[in-house]
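Please consult the sequence and structure shown below while reading.

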Amino acid sequence: MSREDALHALESQLRATPPRGLGALSEGELEDLNEAVREARHRQAAELQAAGEKAFGHIPRLLRGPIQKVMRA
Amino acid sequence: MSEALRSRAEVMKLARLLRREPDQLAYLGRLAPEDLRVLREQVTDMLFEAHDGTLRRLAAASRLLPVGLVAMLGQHAFGAMLSARISGLLDPARAVDIAAKMPPDFLADIAVELDPRRASDVIARMPAERIAEITRELMRRGECVTMGRFVGHLGNVALRSSVAEIDDATLLRTAFVLEDRDRIDALADLVGEDRIARLADVAEREGLWPEALDLLMNLDRERVAEGLARMEPERRELVERQAREQGVELPTIASEGAA
């Protein structure tokens with residue numbers, strides 16, 4: 001991946017134009033930054049999924065139906 | 001020097017957001033702090049918006065549950081990171097009620113993960129005593145970067161309580177990494193002359209001269225003069241010498257010294 005490709009990949013992950021100063025980073029550094037951002041997004045998705053399941057177990061049975069309804073809305 | 005330290009503080013904030021060690025992102029330290037701040041805000045926005053729908057539904061669902069249960073779920077199921085993501089989506093008054101049921105150490109965990117821009121209304125409504133408790137915990141952990149992100153969102157009463165909680169070295173470190181630099185005036189107003197007089201000792205002992213000079217330059221000139229006048233002559237000379245060495249112009253000190 002070229003430096004420009006790595007910058008574009010970052011732009012597409014962030015859905016925003018990264019600051020110009022990032023142009024001073026090497027290809028390897030930009031790839032590492034891309035990877036760190038990707039990992040953070042995936043980790044958040046996994047934690048959200050796991051937390052939702054764990055939380056559901058603590059909710060009184062009577063309220064589970066209405067909660068599920070809101071979550072599926 | 002200041003620029004490099006500010007970049008380092010920004011790398012620390014970004015590393016925390018990405019769950020990496022600051023050393024792993026050390027290569028970013030050569031970028032300008034303004035660029036790193038923009039990048040961090042872009043990453044923050046991306047992470048919040050990536051699961052915005054789910055987070056909003058969770059916030060809506062939480063309205064069906066009693067406050068105590070939401071607090072328990074926040075602490076034991078969602079954890080600090082997700083609680084921080086959701087907190088800005090809750091009704092601020094209810095969020096404060098939920099926070100009242102959580103222990104200060106967990107609220108400090110949330111503070112570390114929180115984007116204060118998105119929970120500004122919640123932070124502003126938190127009672128000053130609660131803010132002081134969280135500040136105490138953050139200071140115990142050495143979380144100056146986190147405290148620096150919050151100052152711009154605290155009301156004057158809460159800010160006063162926080163400043164009263166922190167020691168001089170923490171005050172210098174926090175003021176230096178303030179996210180909202182405009183707020184340094186409010187912070188500086190809360191620093192009394194006695195405290196100004198102690199700053200040289202702290203700066204010398206902890207190696208915090210750039211931080212001390214940065215704060216002094218933002219204080220009212222007359223109050224700086226008064227603080228300096230309370231110093232022993234050798235301490236005052238030390239401040240003047242450090243200011244010269246750091247290339248910082250402190251006209252108040254020069255005029256006081258000449259008087």
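Does B:Asp168 count as buried or exposed, and at what relative accessibility? B:Asp168 counts as buried because its relative accessibility is 11%, under the 20% limit for that class. The model discussed here is predicted.

## A salt bridge between helices of chain B

The buried B:Asp168 forms a salt bridge with B:Arg198, with a distance of 2.6 Å from N to O. This pair links distant parts of the chain: B:Asp168 belongs to helix H11 (residues 168-176) of chain B, B:Arg198 belongs to helix H13 (residues 193-206) of chain B, and the two are 30 residues apart.

## The interface of chain A and chain B

Contact between the two chains involves 38 residues from chain A and 36 residues from chain B. About 3300 Å² is buried between them, and carbon and sulfur atoms give 70% of this area. On the side of chain A, the residues that lose the most area to chain B are A:Gln44, A:Leu48 and A:Met71, which together make up 20% of what that side buries.

The rule finds 14 residue pairs in polar contact across this interface, both residues being at pLDDT 80 or more. Three elements of chain A give two or more residues to the side that touches chain B: helix H1 (3-14), helix H2 (27-58) and helix H3 (61-72). The most is given by H2(A), with 19 residues. By residue class, the side of chain A that touches chain B divides into 23 nonpolar, seven polar and eight charged residues.

## Salt bridges across the interface

Side chains of opposite charge can pair when their charged atoms come close. Over all chains, the structure holds 29 salt bridges, and four are found across the interface of chain A and chain B. One salt bridge pairs the side chains of A:Glu47 and B:Arg19, at 3.1 Å from N to O.

A:Glu39 and B:Arg20 also form a salt bridge, in which the closest N and O atoms are 3.9 Å apart. A:Glu39 is in helix H2 of chain A, whereas B:Arg20 is in the loop between helix H1 (2-18) and helix H2 (33-50) of chain B, so this pair joins two chains. B:Arg20 is buried, with a relative accessible area of 13%, while A:Glu39 is partly exposed at 32%.

## A salt-bridge network in chain B

A network of salt bridges links B:Asp45, B:Glu49, B:Asp115, B:Arg117 and B:Arg118. Within it, the side chains of B:Asp115 and B:Arg117 meet at 2.9 Å, N to O. B:Asp115 is buried, with a relative accessible area of 7%, whereas B:Arg117 is partly exposed, with a relative accessible area of 38%.

## Nonpolar cores

The largest nonpolar core has 83 residues, of which B:Phe78, B:Ile110, B:Leu159, B:Trp209 and B:Leu216 touch the most other members. Helix H4 (residues 67-87) of chain B supplies the largest share of this core, 12 residues. Apart from its neighbours within four places in sequence, B:Phe78 is in contact with residues of chain A, namely A:Ala51, A:Gly52 and A:Ala55, and with B:Leu58, B:Leu73, B:Ser83 and B:Ile86. There is also a second, separate core of 24 residues, which includes A:Ala6, B:Val11, B:Leu17 and B:Leu31.

## Packing around helices H5 and H8 of chain B

Helix H5 (residues 92-100) of chain B has B:Pro92, B:Arg94, B:Ala95, B:Val96, B:Ile98 and B:Ala99 as its buried residues. In chain B, the buried residues of H5(B) pack against helix H3 (52-62), H4, helix H6 (104-113), helix H7 (120-125) and H8.

Helix H8 (residues 128-140) of chain B contains B:Thr135. Why does B:Thr135 count as buried? B:Thr135 is assigned to this class because its relative accessibility is 7%, and buried means under 20%. The side chains of B:Thr135 and B:Ser162 are joined by a polar contact of 3.0 Å. With neighbours within four places in sequence left aside, B:Thr135 is in contact with B:Met147, B:Ser162, B:Glu165 and B:Ile166.

Conventions. Residues numbered from 1 in each chain as written. Chains lettered and ligands numbered in written order. Heavy atoms only, no water. Contact = heavy atoms within 4.5 Å. Buried area = accessible area lost by both parts, 1.4 Å probe. Polar contact = N/O pair within 3.5 Å; in protein donor to acceptor, adjacent residues only side chain to side chain. Helix = DSSP H or I, 4+ residues; strand = E, 2+ residues; numbered from the N terminus. Nonpolar A, V, L, I, M, F, W, Y, C, P; charged D, E, K, R; others polar. Core = buried A, V, L, I, M, F, W, Y, C linked by side-chain atoms within 4.5 Å. Buried < 20%, exposed > 50% of the residue type's maximum accessible area, 1.4 Å probe, protein only.
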